2 protein chains.
Amino acid sequence: MTADRRAPLALTMGEPAGIGGEIAVGAWRALRASGPTFFLIDDATRLSGAPIRRIAAPEEAAEVFAEALPVLHRPLPRPVVPGRLDVANAPAVIAAIDEAVALALAGRAGGVVTNPIQKSVLYAAGFAHPGHTEYLAELAGMGTPPVMLLACPELRVVPVTIHEPLKQAIARLTTGLIVEIARLTAAGLRQDFGIAQPRLAIAGLNPHAGEDGTLGTEDRDIVAPAVALLRAEGIDARGPIPPDTLFTAKARPGYDVALGLYHDQALIPIKTLDVAGGVNVTLGLRIVRTSPDHGTALDIAGTGEADPGSLIAAIRLAATIADHRRNAAR
Amino acid sequence: MTADRRAPLALTMGEPAGIGGEIAVGAWRALRASGPTFFLIDDATRLSGAPIRRIAAPEEAAEVFAEALPVLHRPLPRPVVPGRLDVANAPAVIAAIDEAVALALAGRAGGVVTNPIQKSVLYAAGFAHPGHTEYLAELAGMGTPPVMLLACPELRVVPVTIHEPLKQAIARLTTGLIVEIARLTAAGLRQDFGIAQPRLAIAGLNPHAGEDGTLGTEDRDIVAPAVALLRAEGIDARGPIPPDTLFTAKARPGYDVALGLYHDQALIPIKTLDVAGGVNVTLGLRIVRTSPDHGTALDIAGTGEADPGSLIAAIRLAATIADHRRNAAR
């Protein structure tokens with residue numbers, strides 16, 4: 001293995017009662033020989049299943065990585081019981097995110113890969129953000145909404161609206177919102193994925209994309225004008241496309257990313273397809289950020305059943321994105 | 001091939017400017033040796049690509065089928081140009097549906113397989129139904145709403161609401177509607193698919209099924225009570241299940257059918273998965289009815305590109321359903 005001169009990736013602990021620690025170990029086993037190099041911000045005493053090496057700074061990760069999982073040791077106040085949430089540990093979960101972001105902003109970490117958090121326990125500890133992504137936008141955003149992109153080998157999707165009731169997502173849908181998210185998505189695909197002229201496919205809202213207004217007017221009055229505006233500014237956007245035909249095997253090769261207008265319009269197809277491990281990427285941040293597309297899996301924590309596949313894919317994609325950003329910055 | 005003593009299936013012409021004729025010929029080629037036996041209600045003069053044999057009655061289909069595609073010849077008033085709609089032919093399209101249904105009701109056809117229609121041209125000719133399924137419910141319904149089930153090898157889905165704007169579908173969603181469709185679905189799986197105790201998975205409406213009301217109240221107030229009512233009457237129903245996790249490869253083996261609360265929640269996952277040819281089945285009719293799950297494909301009509309896979313699957317499934325109904329009636 002050649003020395004990796006790139007800054008290592010920072011992996012957060014996520015919810016300690018979940019599968020984060022186990023899959024971090026699994027990811028290290030899978031990647032120790034090939035890289036990319038990463039280090040974990042976690043309580044080193046709770047980790048097992050691999051050699052663990054405490055490091056004092058990210059800069060030590062590279063020389064350790066082939067032999068042991070490098071850990072920035074941040075002690076948890078309470079012993080971790082798999083599957084059992086403990087609000088006393090919640091501040092450390094948030095602190096790990098804060099530290100990872102700070103290291104990435106300082107250029108000492110090449111990017112941040114976040115293990116899943118359990119929002120309920122963070123809320124109980126006073127966390128006041130709708131989710132991980134929104135919190136990261138506050139720490140490292142650029143004044144635009146964070147854009148959540150999900151990627152698996154067959155498909156990339158971006159939901160235009162995310163965590164809100166479906167009725168509210170429809171009410172909040174405007175031409176301006178679609179245009180804004182589409183622009184950020186196009187910029188993200190250029191910068192982070194190296195796609196010079198990304199092809200965006202924008203879903204309709206209603207069945208059959210409204211059939212010229214007979215099945216709902218939003219596609220004609222809100223979505224179609226957004227597509228026209230985007231095309232006028234040189235973005236290769238198409239739509240509104242009937243939602244049920246947008247994700248077929250025949251349609252998928254025709255675009256680089258599909259924009260769904262609501263959470264499940266984007267997430268259903270990718271989770272239906274994905275077997276190998278999808279990755280969640282946040283576009284529009286000053287740092288590189290990816291995460292696995294699953295949750296904390298409290299029900300199987302500690303059983304050894306957890307599959308590190310999605311985390312491994314997230315680590316690899318973070319490194320690829322960091323490479324694209326570095327190349328673009330040259 | 002042994003003589004098939006079951007009544008043959010009736011295949012309607014569908015939109016003559018579409019791919020219906022071509023895929024009927026393709027289906028006959030695929031099934032001539034194995035069956036199931038079917039006949040086509042169409043203008044025999046417009047068909048090519050296979051030996052065509054005009055029959056005077058469905059009862060003649062079986063002895064013809066191994067050698068030629070049996071056709072109940074119903075002349076179209078105007079010559080058919082592939083891809084070009086002609087409202088003058090619309091009444092014959094509807095008449096073919098009427099005749100197929102009448103033959104099935106009389107027991108002279110084992111079931112009806114419908115080729116895709118083009119609603120716009122039928123509307124122009126005075127057709128006043130939202131779609132094929134609703135029309136069939138009028139001809140052969142049982143006083144309950146028709147239930148549209150889509151099936152492919154990996155998944156069966158039923159949309160609780162179908163062809164209406166998404167906003168309206170949400171507004172119209174009630175516990176009673178979900179219970180009614182779920183009951184009809186369970187009965188259909190028992191009667192038509194031979195599943196003694198069908199397992200129903202019912203999707204939530206909102207992201208993450210509403211997260212206990214923080215992401216929308218419908219899941220808690222409308223869907224959950226429907227599941228409770230269904231379980232109380234002995235139907236194996238579960239839900240509301242977070243929509244994005246309902247259709248994963250891991251989740252799919254856990255149920256026999258998934259109920260989506262709106263058109264695309266059900267249709268997106270099945271069309272995302274389906275490569276081999278999905279089938280549309282109408283439950284709750286006095287007759288057996290299936291159809292391919294694609295449209296008229298006017299853009300490729302006459303080019304020879306049309307894939308008969310979905311129609312073949314529809315014909316096979318109609319025969320299987322007819323067998324189940326016959327066995328159940330014994």
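I worked on a predicted model, where local features need pLDDT of at least 70, side-chain atom pairs count only at pLDDT 80 or more, and totals for chains, interfaces and linings use all residues. Residues are numbered from 1 along each chain as its sequence is written, chains are lettered from A and ligands numbered from 1 in the order in which they are written, and side-chain values use heavy atoms, without hydrogens and water.

Entry on the sheet. In chain B I found an open sheet of twelve strands with mixed pairing, in the order 3-4-2-1-5-12-11-6-7-10-8-9. Strands are DSSP runs (E, at least two residues), as are helices (H or I, at least four), numbered from the N terminus; two strands pair if DSSP finds at least two bridges between them. Strand 3 (52–55) and strand 9 (236–241) of chain B each have a single partner strand, so one side of each lacks a neighbour in the sheet. I noted that strand 3 of chain B pairs with strand 4 (residues 69–73) of chain B in the parallel sense, over four bridges. There, B:Ile55 is opposite B:Leu72 of strand 4 of chain B.

Entry on the rings. I looked up seven aromatic pairs over all chains (ring centres within 6.5 Å; planes under 30 degrees apart are stacked, over 60 edge-to-face, the rest tilted). A:Phe38 and A:Phe65 have ring centres 5.2 Å apart and planes at 70°, so this pair is edge-to-face.

How values were computed
Rings of Phe, Tyr and Trp (its six-membered ring) pair if their centres lie within 6.5 Å; planes under 30 degrees apart count as stacked, over 60 as edge-to-face and the rest as tilted.
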